[in-house]
Amino acid sequence: MAKAFFCLLLPLLIAFSQTSPTTGADSTFVQSVKRNPMKLRSEKLSHFRFYWHDIISGPNPTAVNIVQPPGNKTAPTGFGMINMIDDPLTEKPEADSKLLGRAQGLYGLASQGEPGLLMAMNFVFSTGKYNGSTLTILGRNPVMHKVREMPVIGGSGLFRFARGYVQASTHTFDLKTGDAVVEYNVHVMHY
């Protein structure tokens with residue numbers, strides 16, 4: 001019995017001896033870390049409301065098509081189309097309202113059954129306390145629903161370790177141009 005146990009233990013000992021960090025001159029690979037290196041404060045919940053302007057038309061579009069679906073351009077949902085965005089985020093729905101930041105990323109029509117977008121974007125804030133901070137959104141946006149919910153999966157700056165969700169609701173949509181203004185309500189836990 002002891003011999004069988006030793007035969008099972010020996011390969012594990014060999015494996016661990018080959019993968020464990022060495023001490024001495026090459027010890028920069030693994031170092032101990034202070035328990036609270038970022039001096040995290042207590043977590044807080046913040047709510048933001050702003051307007052996302054997706055402008056496809058005119059001389060200065062903020063959303064441009066980068067992939068057209070091959071062979072199904074007449075599909076009712078536009079499945080396969082991808083747009084790159086650098087959309088303004090404003091305080092009010094009017095385009096000349098105070099600029100709070102930009103939504104940068106992309107969205108693609110990812111549903112064959114209904115108009116549904118896969119949204120991958122960063123809200124990059126450019127004013128006030130949150131200037132330079134970002135929130136990252138990744139999720140499904142079924143655009144025909146009155147309110148769509150997508151997760152906040154992270155962030156940077158004051159939103160490091162952020163988690164939460166956004167609720168999007170269309171404020172205006174121009175059928176001729178494809179331009180849209182969407183109200184975003186953001187609920188996020190952060191430090």
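The model is predicted, so local features need pLDDT of at least 70, side-chain atom pairs count only at pLDDT 80 or more, and totals for chains, interfaces and linings use all residues. Residues are numbered from 1 along each chain as its sequence is written, and side-chain values use heavy atoms, with hydrogens and water left out.

Me: What makes up the protein chain in terms of helices and strands?
Reply: The protein chain has 1 helix and 9 strands. Helices (H or I, at least four residues) and strands (E, at least two) are DSSP runs, numbered from the N terminus. In that direction the order is α-β-β-β-β-β-β-β-β-β.

Me: Why is Thr90 called buried?
Reply: Buried means under 20% relative accessible area, exposed means over 50%, and partly exposed lies in between (1.4 Å probe, protein chains only). Thr90 has 1% relative accessibility, and therefore it counts as buried. Thr90 is found in strand 3. Across the protein chain, 33% of the 191 residues count as buried.

Me: Which residues does Thr90 touch?
Reply: Contact means heavy atoms within 4.5 Å. Leaving aside residues up to four places away in sequence, Thr90 touches Phe50, Tyr51, His53, Ala95, Ser97, Lys98, Leu99 and Leu100. For the protein chain, 49% of the contacts with a separation of 6 or more are between residues 24 or more positions apart.

Me: What makes the approach of Thr90 to His53 a polar contact?
Reply: A polar contact is a pair of N or O atoms within 3.5 Å; within protein, one must be able to donate a hydrogen and the other to accept it, and residues adjacent in sequence count only if both atoms are side-chain atoms. The side chains of Thr90 and His53 make such a contact at 2.7 Å.

Me: What makes strand 1 and strand 3 a pair?
Reply: Strand 1 and strand 3 (residues 82–90) have 2 bridges, in the antiparallel sense, and the requirement is at least two. Trp52 stands opposite Leu89 in strand 3.

Me: How many bridges join strand 6 to strand 7?
Reply: There are 4 bridges between these antiparallel strands. Strand 6 and strand 7 form a hairpin, with 5 residues between them. Leu135 stands opposite Gly155 in strand 7.

Me: Why is Val64 called partly exposed?
Reply: Val64 has a relative accessible area of 38%, so it is partly exposed. Val64 lies in strand 2.

Me: What makes up the nonpolar patch on the surface?
Reply: The patch is formed by Val64, Ile66, Val67, Met84 and Leu106, with about 350 Å² of accessible area together. The largest share, 3 residues, comes from strand 2 (residues 63–67).

Note on methods:
Patch = residues over 30% accessible without salt bridge, like charges linked within 9 Å, V, L, I, M, F, W, Y side chains within 5 Å. Areas by Shrake-Rupley, 256 points an atom, 1.4 Å probe, with all protein chains shown as cover. Salt bridge = Lys/Arg side-chain N within 4 Å of Asp/Glu carboxyl O.
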